[in-house]
Every structure is written in structure tokens, then in C-alpha cells.
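Visitor: I would like to learn how to read a structure like this one, feature by feature. Could you take me through it slowly?

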There are 2 protein chains.
Amino acid sequence: MLHLVIAEAEIELVPEPIRDHPAVVNYARKRGKRPDEVLLDSTYHHAALKKLTDGERRGRPDIVHICLLNALESIANKEGKLRVYVHTRNDEVIYIKPETRIPRNYNRFVGLMESLFKNRVVPKDLGLLRMEEKSLEALIKEINPDGVFVMHEKGTFTKPVDFGKRLASLENPAVIVGGFPHGEFKGKILGEKISIYKASLMAWTVVNETIINFEHWVP
Amino acid sequence: MLHLVIAEAEIELVPEPIRDHPAVVNYARKRGKRPDEVLLDSTYHHAALKKLTDGERRGRPDIVHICLLNALESIANKEGKLRVYVHTRNDEVIYIKPETRIPRNYNRFVGLMESLFKNRVVPKDLGLLRMEEKSLEALIKEINPDGVFVMHEKGTFTKPVDFGKRLASLENPAVIVGGFPHGEFKGKILGEKISIYKASLMAWTVVNETIINFEHWVP
């Protein structure tokens, strides 16, 4: 089983210091919600983000959305060989059942995530998505993998196909992909650093390369 | 060079017969546009779509968006080995320069496409995206590939890795992926039908599998 962790993902509710910023207040009002109930989104809260630490990388639920659509619709997931987790910048972990059909529409996805942040589980009956306060380190400990790989521009260069082979040679490998637009992991690096390309790649490209190259070697 | 065609993509402006439907009128008003200027979108125009032929599959710009984000951010594209085209249900072809950075945010992507349908080229100076009236058959003729493959549930089963090898053995293969949510191609099948999995896959999954398995075999 391949365990894929989208780590330090830039997904969070609008944080307290900017809840009264006009960009946030207007956005929330248009959506009929309170400022503390809506996801931070760099597309709409750009002006407000400038006032936050790491403002240039925060508010990117779109990255999580695209990574999840790719991972959950992959052949590896349909074959029952993949588990996907989202770890957030605020040390929450989202557990996703493999049969989950993530909304294709971005705005619906945002609504679903807002409901998840509020209720900690959606939908209540099926519990397809569940959120817990948990560090990346605690999540990895819980997965108890027999190999941990951190996808990193400055890691050891490994051809994607060779990386897939290494993953497939393990029983329970974990692959950590940064769920942020650019820059470095902020937390401790918890495994072997791997680079699959000479330049930086989008998070969803790394997700696709990891899963599909793993698939090759799995019977 | 691999030529990837998202074909019969369900992307179009709201068609004439439903421009006065309340679901459309309200949606356009909220966005400050006229009903004939906005993209048909199944998420918002569901009630109106019931009145259209093929209503159950139309209005899916989200599929085009996800396919383009994956294709354009792929390693194959960064290496200059990929060209991506979108052919629409109304026989338009969208040409996309490989260096194009598609908006990550869905709503911005929709705005960009609306501008493309109106102006036929965006942005005007760089011409990163360009739209022409053209059939799929005419596009394939223009590409002049040395192999044409149509990704199809009922095609010859070929393991993704073997399909990638076949693509890489050609100079200019073209791969046609349906840009619709389910069902069959409506037009003529223009090449060899290939199936890479025992069940149906989302368009973007087929895009990812095609590109990444092609990459393996390209030096």
C-alpha cells in the first residue's frame, strides 16, 4: 500500500488577524457566511494575505483540490493500493476514504472543506472525510511505513521510474509531497529527500509521477 | 513530440435555447455578464441543462481545466515533448502554447475561457491561447501524426506502460482523450482504439497515464 501525504498544505479558515479585512468581509458576505467560516483563498484575499506571515504562500485550497482529484481517480486508488492524507499548515490531518468522490467543481470543494473544518467529519453518516489535530510526525508514526520519502527539489536525483520501483519494493512506503506553491518545508524533514526532476514541479505533478510510476511495478 | 487532444470537450458558452432560463439569467447577473457571455456550467445550470440535448454531459469546463493543469505542468511539457489541444463539442479547436500558465483557480479559468470564446485569442499580445473553428478530423490532418490513438473503454486493452512504449516509438503520435464525463464519442473514431484499464477512467486520469508512461521511454 502506497501512503501519499500532502503535507503542510496551505488550507485553513481565514485566520483571526485578517477577519475584519475588507477583502475577507466582502467575500464572506457574498457567500452568505461569516469571515471565520470561509477558507482562506489567495485568489480573493490577496490584499489581506500581505498582512500575514508566509502570506505569499498561504490560501491555496486549489492545490489540495487538484492533488486529491488526481490521486483518488488514479488506477492505483481504484486497485486499492493507495491511501491519501492531507496534513495542513496548522497541524490538522484530513483522512480520506479511498471511495470518496471529491467534488469536481472547485467552489463545491471549498464548501465541503469549510464544512469539514466546522464539523470535523463529512458527511456525518459515511465519514468519507475526517479531520483530526495531528502533526505530520504523528501521522507518519501512525502509518508506520517501511520507508519514508520526502519529495524535495534538493533531494537525491532519482528518475521517476526508478523511484516508482523503489516504492513498489516496499510493503508500506510513505511519500510526502509539499502542498504549498513554492519554497521549503517549514517543519522537520522526516525521511529520505528525493528529487525527480531538475527543476521545481507543481505538487500535483509530483503526485501524478509518484502514483503512476508506482503503478508500473505493482502486479 | 506527443500530441494530446482533449476531444469533444464539453466547454461552450450558454447556448441560445436556455439563455432566458432563470438558472442562467441569475448566474450571469451575479457575475455581471450577459447570458450569452458566460460558460455553460453543469454545477450552476443543472435545471436548464435538462432542456438540452445531451444535457446530462454538457457544461464541464472543470474537466478541461484539470486536464490542462496536469498536461501543461507535466515533465514531458517542460521538456518540450508535448503539444496540447482542446477540441470542443461545437468543433472549435483551442491551441495552447506550451509555456502557458493556466490559472490555478477555477473561476479565473472560466473567466479566461469566456474571454477566449469572445476574442478568439488571449492574451492579445502573447496569443497563448487561440481558438479556431475546426473539426477534430481537420485538426488531426493538420497535426499529421504517424499514429493516432483514441482512448476508449472498448478499445484493445494495452497496459499503460506498453502504451507509453508504443507512443515513444513514433515520431509524432497523437492521442485523443474524450473531454466529457461519460458515454461515447459522438463523432467518427479517427484512430486505433486503446483501453488502458478494465473500468472507465476520468479524462484527467487518462491524460496523466498517457503522458507519464510516454515520458518513461523518452530519453
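The dialogue below goes from the interface to the strands, then to the backbone and the salt bridges.

Guide: Before we start, please keep in mind that this is a predicted model.

Visitor: How many residues of chain A are in contact with chain B?

Guide: On the side of chain A there are 34 residues in contact, and they meet 34 residues of chain B. The two chains bury about 2,900 Å² between them, with 53% of that area on carbon and sulfur atoms.

Visitor: Which polar links are found across the interface of chain A and chain B?

Guide: The rule finds 22 residue pairs in polar contact across this interface, counting pairs in which both residues are at pLDDT 80 or more. Salt bridges are looked for by a rule of their own, and across the interface of chain A and chain B that rule gives 2. In a salt bridge between the chains, the side chain of A:Glu79 meets that of B:Lys198 at 2.8 Å, N to O.

Visitor: Which element gives the most to the side of chain A that touches chain B?

Guide: The helix α8(A) gives the most, with 8 residues. By class, this side of chain A has 13 nonpolar, 10 polar and 11 charged residues.

Visitor: Let us turn to the strands. In what sense do β3 and β5 of chain B pair?

Guide: Strand β3 (residues 92-96) of chain B pairs with β5 (residues 129-133) of chain B in the antiparallel sense, over 5 bridges, and B:Glu92 stands opposite B:Glu133 in β5(B). Strand β4 (residues 121-122) of chain B is also antiparallel to β5(B), over 2 bridges, where B:Val122 has B:Leu129 as its bridge partner. The hairpin of β4(B) and β5(B) has 6 residues between the strands, and among them B:Gly127 takes a positive phi near 55 degrees.

Visitor: What should I look for in the backbone angles?

Guide: The general idea is that most residues other than glycine have a negative phi, and that most peptide bonds are trans. In this structure, the peptide bond from A:Val122 to A:Pro123 is cis, with omega near -25 degrees, and A:Pro123 lies in the loop between β4 and β5 of chain A. In chain B, a cis peptide bond joins B:Val122 and B:Pro123, with omega about -25 degrees.

Visitor: Which residue in the loop between α5 and β4 of chain A deserves a look?

Guide: That loop holds A:Arg120, which has a positive phi of about 70 degrees although it is not a glycine.

Visitor: Which side chain meets that of A:Asp54 in a salt bridge?

Guide: It is the side chain of A:Arg89, at 3.2 Å, N to O. A:Arg89 lies in the loop between β2 and β3 of chain A and A:Asp54 in the loop between α2 and α3, so the pair ties together parts that are 35 residues apart in sequence. Both belong to a network of salt bridges that also links A:Glu8, A:Glu10, A:Arg57 and A:Lys186.

Visitor: Are B:Arg57 and B:Glu8 buried or exposed?

Guide: Both B:Arg57 and B:Glu8 are buried, and their side chains meet in a salt bridge at 3.8 Å, N to O.

Definitions and conventions
Residues are numbered from 1 along each chain as its sequence is written. Chains are lettered from A and ligands numbered from 1 in the order in which they are written. Side-chain values use heavy atoms; hydrogens and water are left out. Contact means heavy atoms within 4.5 Å. Buried area is the accessible area (1.4 Å probe) that two parts lose on being put together, summed over both. A salt bridge is a side-chain nitrogen of Lys or Arg within 4 Å of a carboxyl oxygen of Asp or Glu. A polar contact is a pair of N or O atoms within 3.5 Å; within protein, one must be able to donate a hydrogen and the other to accept it, and residues adjacent in sequence count only if both atoms are side-chain atoms. Helices (H or I, at least four residues) and strands (E, at least two) are DSSP runs, numbered from the N terminus. Ala, Val, Leu, Ile, Met, Phe, Trp, Tyr, Cys and Pro count as nonpolar, Asp, Glu, Lys and Arg as charged, and the others, Gly among them, as polar. Two strands pair if DSSP finds at least two bridges between them. Buried means under 20% relative accessible area, exposed over 50%, partly exposed in between (1.4 Å probe, protein chains only).
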